[in-house]
Amino acid sequence: MQDDFLEGAGIDTLAIRAGIHRTAEGEHAEPIFLTSSYVFASAEEAAARFDGSSPGNVYSRYTNPSVRSFEGRIAALEGAEAAVATSSGMAAILATCLALLQSGDHVLCSRSVFGTTSVLFTKYLKKFGVAVDFVALTDLSAWQAALKPNTKLLFLETPSNPLNDVADLRALAAMAKQQGCLLAVDNCFCTPALQLPLTLGADLVIHSATKYLDGQGRCLGGAVVGSKALIDEVLGVVRTCGPSMSPFNAWVFNKGLETLRLRMDAHSANAQQLAEYLHAHPQVERVFYAGLPSHPGHALATSQQRGFGGVLSFRIKGERQQAWQFINATKIMSLTANLGDTKTTIVHPATTTHGRLAPEEKQAAGITENLIRIAVGLEDIRDLIADVERGFGAVSLV
Ligand SMILES: *Cc1c(COP(=O)(O)O)cnc(C)c1O
């Protein structure tokens, strides 16, 4: 998908130069093609566009230059042949499933996936005869044991939210090959700046562009990235079923991608400092961040990621009361479930993002009442540490 002169170019060059389609106006920045449809020079050309013999645009549910530009750029960054953009991250997952699964198929999914992803599998795909089983992300023998003859897709997120568990992508890719099924990785937390699942053997990468690809909390969007053959299947679903990306959002994401590597390194550096600070704090029971050598996924993350990302969580000494007191006392961090923003966000997983889980499920997943998640943004780290100190200062002693 990328221009020949970008062959072998570095990530920052691809992020800034891949997927540019200049018009005859010679604009330097990418234009926004805010149009739903396109005019044809003649009835002959219209007929040729419709029957596919001429490759131009017809209608923006099929193709749009701004969206195509984003698709080219994210494909280049993931080292892929092709990408298709969608209206949200969930639309990317749904379109992938509609394209590649059918009634009677079985999906194996990591238990720690994004909450709405597990609802999509258990509530909606089930209605169409697709079965799903959930396994522990890091337990390779559990994945192996749960495979069935009709397993068509392995789906996971790594590192996991909020505990930073790390999946062995090379081993799971080998398992998928052996089984003859596909491995799809939701690369939302790392982005291609920190992890390239396709180079480790995955077949598909899924993105919620809403998070770090935008990076400033403005737009909803998603993408599926992989081989041209697989992406063509997904593209067919997006064109027919309609979860297309808006051209305006595509333009925002394209601009977001230009600074992706710089931002991800800065998120990682801030998160590492905050994790180390929390790790040494007397009011903290345990920190979950794969950048800490004490984290069980540290060695694996080091072998397959360029950095550890911006999301960490920790258990404060105490119960729900102490966690809530801490959260309520912080002033800089935004109390919101979103992540992947320049603005640091803080949330209490047990009563928000993971609130739908039964108490036993929370216990098994490690989502305790004293757990706090911080998605570390790009503010000055000294101010974030001061904010965390404000939190600790407000906590009643246990
Ligand atoms: C947010 C998120 C999604 C869903 O993306 P939307 O853009 O909100 O639809 C999927 N996976 C992960 C890991 C996410 O964080």
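**The pocket and its surroundings**

The lining of the largest pocket comprises 11 nonpolar, seven polar and four charged residues. The structure is a predicted model, and this pocket has a volume of about 560 Å³. Of the 22 residues that line the pocket, R111, S112, L357, E361 and A365 are the closest to its centre. Two helices deserve attention here: α5 and α14 (359-365) each contribute at least two residues to the lining of the largest pocket.

The loop between β2 (106-110) and α5 (115-124) contains V113. Is V113 buried or exposed? V113 has a relative accessible area of 4%, and because buried means under 20%, V113 counts as buried. Setting aside residues up to four places away in sequence, V113 touches S118, F134, F155, L156 and E157.

**An enclosed strand**

The next stop is strand β6. Five of the five residues of β6 (residues 204-208) are buried, so this strand is largely enclosed by the rest of the structure.

Strand β5 (residues 182-186) pairs with β6 in the parallel sense, over three bridges. Within this pairing, I206 in β6 is the bridge partner of D186. With strand β7 (residues 222-226), β6 runs antiparallel, and five bridges join the two. Here H207 stands opposite A223 in β7.

**An open sheet**

Another part of the structure forms an open sheet of five strands, in the order β8-β9-β12-β11-β10 and with mixed pairing. Which strands stand at the edges of this sheet? They are β8 (284-288) and β10 (334-335); each has a single partner strand, so one side of each is left without a neighbour in the sheet. Inside this order, strand β11 (residues 345-347) and strand β12 (residues 371-375) run antiparallel and are joined by three bridges. T345 stands opposite A375 in β12.

**A buried serine in a helix**

Helix α11 (residues 260-279) contains S268. This serine is buried, with a relative accessible area of 9%. Not counting residues up to four places away in sequence, the contacts of S268 are L194, Y289, G307, F308 and G309.

**Cysteines and a cavity**

How many disulfides does a search of the whole structure find? The search finds zero. Two cysteines illustrate the reason. The closest cysteine sulfur to that of C190 belongs to C188, at 9.7 Å, which is too far for a bond. For C219 the closest cysteine sulfur is likewise in C188, at 15 Å, again too far for a bond. A disulfide requires a pair of cysteine sulfur atoms within 2.5 Å. Both of these cysteines count as buried: C190 has a relative accessibility of 1%, and C219 has a relative accessibility of 8%.

Finally, the structure holds one cavity of 30 Å³ or more. The largest cavity has a volume of about 50 Å³. The residues that line the largest cavity are G19, I20, H21, E30, P31, F33, P65, S66 and S69. By class, this lining divides into four nonpolar, four polar and one charged.

Terms used:
Residues numbered from 1 in each chain as written. Predicted model: local features only at pLDDT ≥ 70, side-chain atom pairs only at ≥ 80, totals over all residues. Heavy atoms only, no water. Helix = DSSP H or I, 4+ residues; strand = E, 2+ residues; numbered from the N terminus. Buried < 20%, exposed > 50% of the residue type's maximum accessible area, 1.4 Å probe, protein only. Contact = heavy atoms within 4.5 Å. 1 Å grid on protein atoms, 1.4 Å probe; cavity = no way out; pocket = protein on both sides within 12 Å on 5 of 7 lines; lining within 4 Å. Points joined across faces, edges and corners; volume = space filled by probe spheres on them. Nonpolar A, V, L, I, M, F, W, Y, C, P; charged D, E, K, R; others polar. Pairing = 2+ DSSP bridges.
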